[in-house]
Amino acid sequence: MNQQIVSNSIREFSQYNRVLEGNKRYVEKKLTTDDQYFKKLSTGQSPKYLLIGCSDSRAPPNELTETDPGEIFIHRNIANLVIPTDLNLNCVIQYAVEHLNIHSIIVMGHTCCGGIKAAMAQESVGGLLDLWLNQIKIVYEKHQDLIESLENEEDRLDCLSQLNVRAQVMNIWKNPIIQKSWQKGNPIMVHGWLFRVETGYIEELLIDSQTPYEMNKVFALKFKLDSERILSKQTTPLGSPKNNARKRFQFMQKKIIQHIKQQKENTSRIEKISDLQQISELIQNCQEL
Ligand SMILES: [Zn+2]
């Protein structure tokens, strides 16, 4: 048993060493073609793309796109999600947009994604992971009919991977940093890609919503320029509507209660109609007998 552990450790250590040896070969190869390569790299970066990809080890963005270090600003997480409250991702987006001045954001999903597969299943994969995968389950729920109409499991996974990329592209449009950038005259483009692990090719997804103005208006934010903000502060009337707040609240409560009552009445009416239909169908069947 101990012998087995020792030989396993030796094997793992030599594999780990192989990674560092690979780095030495990489440096030598780069310097052969350009002996100033790393000196130039150290002077700064000016990537034009931000790529949000999956952490999956089979989907390395630079290698897949034959791009060099310095060309793509990259953020990776499980199943390439754009979660609105993700502090890490939002910092990456803000830095990429406001400091690096990137012109495109790419959300890259991939086939055979473990995150997508786990999200489609019902087995728990652990508290935090379950929470993370909930975002994909929401996409599944929204398109359940389409996904479940596919017979092949592989197709169902592919379908959810694509739908997930589309949903994340929409989340980028809803992001205030992106919207502000558009309003300030820097229109950042957002693209959705699906990398096919089984072929190596990247497919560009055709996504209808090409600008942040095409999403539901409730997400469309209006930013005030600094000069406008100063002006509005100066012109705000002194008589605040605070005194009416209680009345407005009561009025709103009434409206909500009425709205809920109306909804309940509508539902029960529909149920009654369907009951009546069932009874009339039964009578008709009896008559036919
Ligand atoms: Zn993945």
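**Close-up views of a predicted model**

View A. Beyond its neighbours within four places in sequence, C113 is in contact with C54 and A79. This cysteine belongs to the loop that links β3 (104–110) and α5 (114–120). With a relative accessibility of 5%, C113 counts as buried, because the cut-off for that class is under 20%.

View B. Setting aside residues within four places in sequence, C54 touches A59, R76, N77, I78, A79, N80, M108, H110 and C113.

**View C. The annotated binding site.** An unreviewed UniProt entry lists C54, D56, H110 and C113 under "binding site". Although these residues span 60 residues in sequence, no two of their C-alpha atoms lie more than 8.8 Å apart, so they gather at one spot.

**View D. Packing of helix α8 against helix α9.** Helix α8 (residues 153–174) meets helix α9 (residues 176–183) at an angle of about 60°, and their axes are 5 Å apart. The two helices are therefore oblique to each other. On the α8 side, I172, W173 and K174 make the contact, while α9 brings P176, I178, Q179 and W182. Sorted by class, this contact has 5 nonpolar, 1 polar and 1 charged residues.

View E. Over residues 133–163 the model is 84% helix and 0% strand, with the end C-alpha atoms 14 Å apart.

Definitions and conventions:
Residues are numbered from 1 along each chain as its sequence is written. This is a predicted model: local features need pLDDT of at least 70, side-chain atom pairs count only at pLDDT 80 or more; totals for chains, interfaces and linings use all residues. Side-chain values use heavy atoms; hydrogens and water are left out. Helices (H or I, at least four residues) and strands (E, at least two) are DSSP runs, numbered from the N terminus. Axes are lines fitted to C-alpha atoms, for helices over the stretch in contact, and angles run from 0 to 180 degrees between N-to-C directions. Angles under 35 degrees count as roughly parallel, over 145 as roughly antiparallel, 65 to 115 as roughly perpendicular and the rest as oblique. Contact means heavy atoms within 4.5 Å. Ala, Val, Leu, Ile, Met, Phe, Trp, Tyr, Cys and Pro count as nonpolar, Asp, Glu, Lys and Arg as charged, and the others, Gly among them, as polar. UniProt positions are given in the numbering used here, feature names are shortened, and annotations may be inferred rather than shown by experiment. Buried means under 20% relative accessible area, exposed over 50%, partly exposed in between (1.4 Å probe, protein chains only).
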